[in-house]
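Please look over the aromatic side chains and the nonpolar core with me. My notes follow, point by point.

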Amino acid sequence: MAKGKVVILGSNATRIEVQGGGTGPTGNYLNETVVPAMALSEAGYDLVLATPNGSKPHIDEASDSAVHFGGDQTAYSRAKAFWANDPSMNHVRTLRAVIKEGLDSYAAVFVPGGQAPVVDLMQDPDAGEILRYFHQHSKPTALLCHGPITLISAMPHAREFRAALIAGDENKAKEWAKGWQYAGYKMTIFSASEEKWVENDILHAKMYFNMPYALKTAGGEVTTGAVDFEPNVIVDRELITGQNPRSDHAIAAKLIKALADCEGKAA
């Protein structure tokens with residue numbers, strides 16, 4: 001019998017806006033999605049993958065490489081097979097369906113990164129409703145790399161906040177952010193210096209805002225590691241955030257521990 005259910009919020013975005021009016025390729029990162037999912041499954045949890053439109057997330061081509069598995073070809077092949085074949089990764093629901101079925105049946109929520117959540121989940125009202133539920137009930141809420149930007153969706157005016165960031169209007173963004181549930185929380189997210197690598201090597205363009213700036217403007221207590229692409233996970237109350245792709249194993253371990261702690265309290 002499963003220990004409980006964990007809902008994984010995936011993105012449907014395949015393109016992200018960049019300065020100058022164009023877009024660049026995006027998606028969810030393979031390792032950030034699958035490494036924690038496999039760890040949760042192995043720990044005895046049932047997984048439900050949900051996205052805004054109910055279709056399976058697009059995997060960012062930049063992540064489809066053994067490089068993101070420490071160069072371990074076996075680990076990479078295992079992750080690819082899990083993503084392609086495991087029922088939990090293929091029976092995708094809409095975020096709205098998950099809400100209608102009842103969030104009280106879930107023990108935790110996990111949001112992987114890749115830049116895609118910056119496009120849709122950050123401003124998705126259903127994602128916001130899900131996160132508000134987990135916040136209100138102090139249930140483990142884990143988000144990795146760009147995934148923590150999804151916390152913005154819990155705001156009543158997430159879309160307006162995002163639009164203000166794109167317009168470069170910090171004061172207006174702060175106005176829209178008032179009442180944010182995660183203001184004052186310690187958290188981390190993909191750093192501005194790590195983002196430069198993506199902008200230079202993948203997008204070949206600049207994004208409209210960097211991730212730490214967005215969360216700080218919203219009221220988060222954001223810190224990033226001193227060394228780029230080194231694992232970094234921060235836990236504050238129910239919130240568990242990981243900085244970058246290499247934080248995949250670490251955030252999985254922290255989430256599984258938080259779930260065990262919750263089970264211990266309930267026993």
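1. Start with Arg237. Its charge lies over the face of Tyr185, 3.7 Å from the ring centre. Keep in mind that this is a predicted model.

2. Together with Trp180 and Tyr182, Tyr185 forms one aromatic cluster.

3. The charged end of Lys56 sits over Trp83, at 4.4 Å from the centre of the ring.

4. Now the ring pairs. How many aromatic pairs does the rule count? The count is six. In one of them, Phe69 and Tyr76, the centres are 5.8 Å apart and the planes stand at 45°, so this pair is tilted. Phe69 counts as buried because its relative accessibility is 12%, under the 20% cut-off. Tyr76 has 13% and therefore counts as buried.

5. Trp180 and Tyr182 also pair. Their ring centres lie 5.8 Å apart, with the planes at 65°, so the pair is edge-to-face. Trp180 is buried, with a relative accessible area of 4%. Tyr182 counts as buried at 0% relative accessibility.

6. The largest nonpolar core has 87 residues. Those with the most contacts inside this core are Ile149, Ile152, Phe161, Trp180, Tyr182 and Met187. Helix H1, residues 30-42, gives the core its largest share, six residues.

7. Which residues does Phe161 touch, leaving out those up to four places away in sequence? The list includes Met122, Ile152, Met155 and Trp176. Thr217 is on the list as well, and so are Ala173, Ala177, Ala214 and Ala218.

Key: Residues are numbered from 1 along each chain as its sequence is written. This is a predicted model: local features need pLDDT of at least 70, side-chain atom pairs count only at pLDDT 80 or more; totals for chains, interfaces and linings use all residues. Side-chain values use heavy atoms; hydrogens and water are left out. A nonpolar core is a set of buried Ala, Val, Leu, Ile, Met, Phe, Trp, Tyr and Cys residues joined through side-chain atoms within 4.5 Å. Buried means under 20% relative accessible area, exposed over 50%, partly exposed in between (1.4 Å probe, protein chains only). Helices (H or I, at least four residues) and strands (E, at least two) are DSSP runs, numbered from the N terminus. Contact means heavy atoms within 4.5 Å. Rings of Phe, Tyr and Trp (its six-membered ring) pair if their centres lie within 6.5 Å; planes under 30 degrees apart count as stacked, over 60 as edge-to-face and the rest as tilted. A charge sits over a ring if NZ of Lys or CZ of Arg is within 6 Å of the ring centre and within 35 degrees of the ring normal.
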